[in-house]
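The following note concerns the structure shown below and is arranged as numbered points.

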Amino acid sequence: MAGCGQQPQISAPQNEPPTGNFQTSTADSAAIPSGETQSIPPAENTGRPAGKISAEDALAIVLDNADVPEGDAYNIKNETDSDNGIPIYDIEFETDYGDYDFEVAMADGRIVGADYEVDEEWLDALDGSPVTAEEATSIVAGKVSGASAADVSVWEESGDGRGRYEGELFLDGMKYEFELDPRTGRIFDWTADLRD
């Protein structure tokens with residue numbers, strides 16, 4: 001999937017988070033009651049040009065990018081919009097450990113905007129392996145398609161008493177900023193903005 005990367009798979013604590021009710025909406029349809037599914041008609045019936053990704057594909061892309069299991073997401077909003085002249089899916093969802101907001105280009109599934117931050121108490125309950133700054137650089141580079149470790153700037157911060165790696169990455173007109181937990185290797189604060 002374009003715009004996706006991998007980060008270490010870290011399981012949530014056993015009591016976190018419960019499966020929520022899904023509610024999806026698009027500009028072409030009304031909200032779907034909990035427990036029901038939405039069937040998206042073929043592209044020729046939706047006004048969406050052939051070859052464009054579907055709303056379901058866009059949601060799968062952002063869940064993978066955020067490292068959020070599908071069962072953890074609820075109050076899902078998936079609407080069509082435009083940003084800087086680019087047709088996008090504007091996708092928002094909640095979990096018991098954070099709120100997520102993404103913009104995905106309809107043409108190719110590229111993430112052109114993202115903003116999320118997970119709860120630090122939830123993060124503290126996770127198991128994981130400590131990572132070095134060099135490993136943090138590799139984790140971030142692996143999250144952005146086409147990025148290499150040389151594209152990532154990382155520095156260590158501990159001013160608020162919580163150690164973290166912070167940094168940024170510029171690639172293909174996108175600016176990424178992040179905070180990564182050195183104890184678990186988990187990115188817990190992530191923003192991505194398309195720059196003109």
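1. The side chain of K143 reaches the backbone oxygen of N65 at 2.2 Å, and it also makes a polar contact with the side chain of Y116 at 3.0 Å. A polar contact is a pair of N or O atoms within 3.5 Å; within protein, one must be able to donate a hydrogen and the other to accept it, and residues adjacent in sequence count only if both atoms are side-chain atoms. K143 is placed in helix α4, residues 133–143. Helices (H or I, at least four residues) and strands (E, at least two) are DSSP runs, numbered from the N terminus.

2. This is a predicted model in which local features need pLDDT of at least 70 and side-chain atom pairs count only at pLDDT 80 or more, while totals for chains, interfaces and linings use all residues. Residues are numbered from 1 along each chain as its sequence is written, and side-chain values use heavy atoms, with hydrogens and water left out.

3. Buried means under 20% relative accessible area, exposed over 50%, and partly exposed in between (1.4 Å probe, protein chains only).

4. The charged end of K143 sits over the ring of W190, 5.0 Å from the ring centre. The criterion is NZ of Lys or CZ of Arg within 6 Å of the ring centre and within 35 degrees of the ring normal.

5. The count of aromatic pairs comes to 6. Rings of Phe, Tyr and Trp (its six-membered ring) pair if their centres lie within 6.5 Å; planes under 30 degrees apart count as stacked, over 60 as edge-to-face and the rest as tilted. Y97 and W122 are stacked because their ring centres are 4.1 Å apart and their planes stand at 10 degrees. This pair links distant parts of the chain, 25 residues apart: Y97 in the loop between β2 (86–95) and β3 (98–105), and W122 in helix α3 (residues 120–124). Both residues, Y97 and W122, are buried.

6. Y100 and Y116 form a tilted pair, with 4.8 Å from centre to centre and 35 degrees between the planes. Y100 lies in strand β3 and Y116 in strand β4, 16 residues apart; Y100 and Y116 are buried. One aromatic cluster is formed by F93, Y100, F102 and Y116.

7. G113, in strand β4 (residues 111–118), counts as buried because its relative accessibility is 9%. Leaving aside neighbours within four places in sequence, G113 is in contact (heavy atoms within 4.5 Å) with D101, F102, E103, M174 and A192. G113 and K175 are 62 residues apart in sequence and 9.3 Å apart in space, C-alpha to C-alpha.

8. Two backbone angles should be noted. N75, in strand β1 (residues 74–83), has a positive phi of about 50 degrees although it is not a glycine. N84, in the loop between β1 and β2, likewise has a positive phi, of about 55 degrees, and is not a glycine. N75 is partly exposed, at a relative accessible area of 39%, and N84 is partly exposed at 45% relative accessibility.

9. Overall, the chain has 4 helices and 8 strands, in the sequence pattern α-α-β-β-β-β-α-α-β-β-β-β. Buried residues make up 45% of its 196 residues.
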